[in-house]
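Here are my notes on the model, point by point. Please read them with the structure open.

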Amino acid sequence: MQLLVLGLNHKIAPVAMRERLAFGSDIPIALQSLGALSAGAVILSTCNRTELYILAKPNQALDDLSEQLLHWLAKFKGLNGEEIRPHLYIYENNLALTHWVRVASGLDSMILGEPQILGQMKQAVNQAQRLGTVNNQLSFIIQQVFAATKQVRSETKVGSQAVSLGFASAKLVTQIFNKPHNSTLLVVASGEMNRLVATHLAGLGIKKIIICNRTPAHAKTLANELRTADRLVEIVGLERLAEVLIQADITTSCSGSLHALIDKNMVNHALKIRRHQPMLMIDLAVPRDIEPSVGDLDDVYLYSIDDLQHVIAGNLKQRRQAAVEAELLVSQQVASIERKLLAKEIGQEIKHYRQQSKQQADTLLTQTLERLAMGENPAELMAELTHKLTQTLTHAPTKMLKAVASEQSSDTANFVAQQLTQAFRPNKFQR
């Protein structure tokens with residue numbers, strides 16, 4: 001395995017450089033260009049990460065490849081190589097593999113254990129596969145990385161607890177509603193915090209969203225972001241809040257108003273018309289948009305931003321504890337991947353060795369048959385053939401044993417010698 005990861009350190013790189021080194025619509029051209037430098041390439045570019053996952057060509061020195069990639073990146077983005085060098089990191093082989101698994105598992109994310117990065121990585125891999133920059137060897141490595149990631153996330157709690165407002169809100173929805181996709185979401189005010197939460201909730205497959213905004217025209221951008229072919233998004237004015245609240249299974253509110261927009265009487269009225277179907281209400285506003293007394297009503301689940309933040313703080317502590325276990329599991333998984341890669345590489349070498357052995361045996365047999373047809377003594381020819389075959393087939397193993405012994409690896413040499421001699425001991429299948 002000759003694997004290399006080159007990435008931009010977003011913690012120290014200036015914002016302007018992060019923006020210039022980010023990839024977007026230029027990824028197809030970049031991947032095609034990288035194809036000439038390497039045996040395989042994947043580009044991962046998100047709002048907080050820019051990384052190149054590169055498989056070196058056979059016999060290609062990683063130090064040389066690192067320099068080539070640095071100059072390639074600088075040229076491709078129209079920058080100076082020495083200008084970007086201090087802001088880059090490079091990992092090779094074992095460290096590259098470990099980094100890849102940690103990133104996919106969410107252990108290297110700004111929000112520890114967040115799951116979005118795995119989906120972004122899969123999208124990056126799919127794009128590289130479509131463009132033909134993932135060969136068989138890199139494909140095998142990717143499969144192992146994703147399998148290891150699945151193991152890390154399933155066997156530890158590093159990603160099981162909500163640690164963002166959007167994620168925490170989505171978690172509440174799934175706990176209260178068996179079929180979230182059949183629910184109606186009411187978004188009161190279209191500000192940034194509500195946008196983030198609404199986006200997470202929409203990801204649950206919700207089919208109908210109502211945006212209630214003081215100025216309906218200002219909600220069009222959010223509506224366009226949330227609207228899909230199978231999702232209805234409606235915009236109404238704030239004066240219709242009591243009317244649309246009746247339809248809302250889930251309400252998220254963050255208006256910035258100085259006074260509560262939703263009171264106990266309004267919700268009680270909605271409950272009666274809804275025949276007391278459950279209502280989840282998430283108040284992200286400070287001061288509050290929803291009167292706290294609303295939470296006293298039966299069939300209403302009211303959560304304030306303080307409630308969510310307390311949950312997030314506790315969950316983040318659990319994630320940090322789980323991360324210790326996850327890091328250990330990552331090390332074990334990487335070691336397992338390396339063993340599989342080594343076995344795969346040795347398997348190819350064994351296949352090549354057998355093909356060469358067969359070719360040599362076939363050549364000797366052909367020569368012997370030709371001499372036999374010319375009338376030479378069969379017994380002498382068979383003895384000569386046996387001798388030549390023995391010399392030919394034992395030459396490589398003998399040379400290997402001597403090389404191992406010369407390196408003072410006596411235990412290894414003895415083990416190999418024992419395995420070779422045991423191969424010729426009679427067993428139940430031999431007669």
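1. Helix α5 passes helix α7 in a right-handed crossing. Helices are DSSP runs (H or I, at least four residues), numbered from the N terminus.

2. This is a predicted model: local features need pLDDT of at least 70, side-chain atom pairs count only at pLDDT 80 or more, and totals for chains, interfaces and linings use all residues. Residues are numbered from 1 along each chain as its sequence is written, and side-chain values use heavy atoms, with hydrogens and water left out.

3. The axes of α5 (residues 93–105) and α7 (residues 136–155) come within 9 Å and cross at roughly 50 degrees. Axes are lines fitted to C-alpha atoms over the stretch in contact, with angles from 0 to 180 degrees between N-to-C directions.

4. Which residues of α5 meet α7? Leu97, Trp100, Val101, Ala104 and Ser105 do. Their partners in α7 include Leu138, Ile141, Val145 and Arg153. Contact means heavy atoms within 4.5 Å.

5. Gln129 lies in helix α6 (residues 116–130). Its relative accessibility is 40%, so Gln129 counts as partly exposed (buried is under 20%, exposed over 50%, partly exposed in between; 1.4 Å probe, protein chains only). Leaving aside neighbours within four places in sequence, Gln129 is in contact with Val134 and Ser139.

Definitions and conventions
Helices (H or I, at least four residues) and strands (E, at least two) are DSSP runs, numbered from the N terminus. A crossing is left-handed if the near helix is turned anticlockwise from the far one by less than a right angle, and right-handed if clockwise.
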